[in-house]
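Subject: Structure handover and notes

Dear colleague,

I am passing the structure on to you below, and my notes on what was found in it follow directly after. Please read them with the structure open beside you.

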Amino acid sequence: MLKSFSQEEKKYLNFIVFWRQPDWGFYNRRNEAFTKHLAVNEKVNQVVHVEWLPLRGLLRMLYNYLYCKDKDLKALYLLHIKKALSLKVVKVNDKLGLYTILVVSNRSYNDYPGVNLLSKLQLFCLNQQLKLIQGPKIMLAYPPNQYLEAIIDTVEHDLLFVDLVDDLETVHTEINGRSVEKMYATVLSKCKKGYATADMLAKRYAQKFSCDIQYLANGVDSIDNSQDPQAENIAKTPVVGYFGILNREVDISIIEYLVNDNPEIDFHFIGKIEPTIGPIFLELVKNKKNVIYYGQIAHKNLGKYVSNFDVMANYKKADITTAGNDSIKIYEYLATGKPIVSTSIAPATRFSDVIYVSDDKAEFSACIKLAVREKTPEKIAKRKKLAGDNTWSKRVEIILNDVLNVL
């Protein structure tokens with residue numbers, strides 16, 4: 001039964017955001033954007049963002065910290081190391097804190113897979129710190145995750161909200177040996193309210209469970225892509241830019257075609273490379289003069305690179321690997337105002353009047369050629385307006401209103 005709160009107590013809303021992987025600060029994903037905007041909202045008292053990190057992940061963070069040359073990325077690695085080794089919530093500011101559960105063993109404790117005595121101690125310490133916070137506590141959780149059941153059962157909260165950010169059930173039947181379906185069921189059967197990045201996800205899980213789930217699109221913060229005053233302003237080769245993880249979701253065949261079909265255009269890439277397409281992509285970087293790779297950079301520094309791009313491109317496959325997604329990249333591209341060429345993933349298809357959309361390689365290349373010649377101030381203004389209509393702060397207001405309605 002839901003606890004009753006006075007109007008005075010409702011002035012102190014607190015959120016515990018439980019994310020399923022350790023990537024705070026690197027990509028500004030949906031969970032991070034929600035957390036940051038909740039923390040600056042006047043209706044919110046405190047926000048704690050919780051991640052899990054396996055021991056091998058901590059060792060990787062330490063390695064990256066020691067050998068990374070980018071000072072901003074280095075600072076992020078150090079932050080992850082600090083919060084993994086701390087039993088206290090690491091404060092970012094007066095309203096926002098970060099916490100990591102360090103997983104050093106896969107042995108189970110109290111029937112929670114992967115949760116051992118150390119993890120149990122960390123959850124206990126987190127709970128004790130949260131008890132000191134006044135007002136209702138709302139947990140915003142991101143299933144599926146093998147540790148989520150433990151945190152729901154262990155960490156005290158008044159409301160459980162869930163957020164479904166992709167369609168993992170169609171891609172995986174198991175994660176780390178656990179049924180994805182069962183992980184969804186464990187959480188969704190307990191939740192009071194849910195959100196999903198696709199309407200079809202919202203409908204599917206609302207039919208399966210009693211939890212009220214609604215479609216809630218992604219959003220964007222403004223990206224300052226004003227021209228770097230130190231950058232060369234001389235007429236140059238057109239530049240098509242991409243930022244994001246280069247993984248199995250990226251259609252490398254489109255990139256190969258574009259590079260060969262447009263030798264007069266430079267193709268720039270920013271982001272972490274994963275092994276699924278790494279060898280092929282790095283061969284392009286090595287052998288093609290019009291392919292430039294900057295490596296991974298901190299998300300907050302994207303603007304100074306984007307300022308030199310003439311066109312923004314999205315190469316993500318419109319298939320099962322992106323089913324249920326609502327690409328944040330597209331919203332961020334819209335915020336720049338620049339011409340955009342994309343495959344037919346959401347939300348590009350919703351904004352096709354200002355985005356060139358195609359899944360065919362030759363047609364995609366033709367769109368690139370049109371985009372680099374585009375000189376339409378009206379489209380620039382419309383893209384920026386669309387970004388302004390889809391801000392993270394507006395999404396957070398929907399969540400806060402739902403919380404207050406339930407309370």
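Predicted model: local features only at pLDDT ≥ 70, side-chain atom pairs only at ≥ 80, totals over all residues.

Residues are numbered from 1 along each chain as its sequence is written, and side-chain values use heavy atoms, with hydrogens and water left out.

The parallel sheet

E14 and E15 belong to an open sheet of 6 strands in the order E13-E12-E11-E14-E15-E16, with parallel pairing. Strand E13 (291–293) and E16 stand at its edges with a single partner strand each, so one side of each is left without a neighbour in the sheet. Further along in this order, E11 is joined by 5 bridges to strand E12 (residues 266–270), the two running parallel, and the bridge partner of Phe243 in E12 is Ile270. E11 is mostly covered, since 5 of its 5 residues are buried, buried meaning under 20% relative accessible area, exposed over 50%, and partly exposed in between (1.4 Å probe, protein chains only). Val239, Gly241 and Phe243 point one way from E11, whereas Val240 and Tyr242 point the other way, and all are buried. In general, the side chains of a regular strand alternate between the two faces of the sheet.

Helix H13

Helix H13 (residues 361–372) has 12 residues and reaches 17 Å from its first C-alpha to its last, close to the 16 Å expected at 1.5 Å a residue, the expected span being 1.5 Å times one less than the number of residues. Its buried residues are Phe364, Ser365, Cys367, Ile368 and Ala371. Seen down the axis of H13, these fall within an arc of 155°, so they line one face of the helix; the arc is that of the directions from the helix axis to the C-beta atoms.

The mixed sheet

A second open sheet has 8 strands in the order E3-E4-E2-E1-E5-E6-E9-E10, and its pairing is mixed. Strand E3 (90–91) and E10 stand at the edges, each with a single partner strand, so one side of each is left without a neighbour in the sheet. E1 and E5 run parallel and are joined by 5 bridges, with Phe18 standing opposite Ala141 in E5.

Cysteines

A search of the whole structure finds 1 disulfide, defined as a pair of cysteine sulfur atoms within 2.5 Å, and it joins Cys191 to Cys211 with an S to S distance of 2.0 Å. Cys191 lies in the loop between helix H7 (180–188) and strand E9 (193–196) and Cys211 in the loop between helix H8 (199–208) and strand E10 (212–215), so the pair ties together parts that are 20 residues apart in sequence. Cys191 is buried at a relative accessible area of 9%, and Cys211 is buried at 2%.

Backbone points to check

The peptide bond from Pro143 to Pro144 is cis, with omega near 0°, and Pro144 is found in the loop between E5 and helix H5 (148–154). A cis peptide bond also joins Ala346 and Pro347, with omega about 5°, and Pro347 has its place in the loop between E15 and E16. Asn28, in the loop between strand E1 (13–18) and helix H1 (30–39), has a phi near 55°, a positive value in a residue other than glycine, and Asn28 is buried, with a relative accessible area of 6%.

With best wishes

Methods:
Helix = DSSP H or I, 4+ residues; strand = E, 2+ residues; numbered from the N terminus. Pairing = 2+ DSSP bridges.
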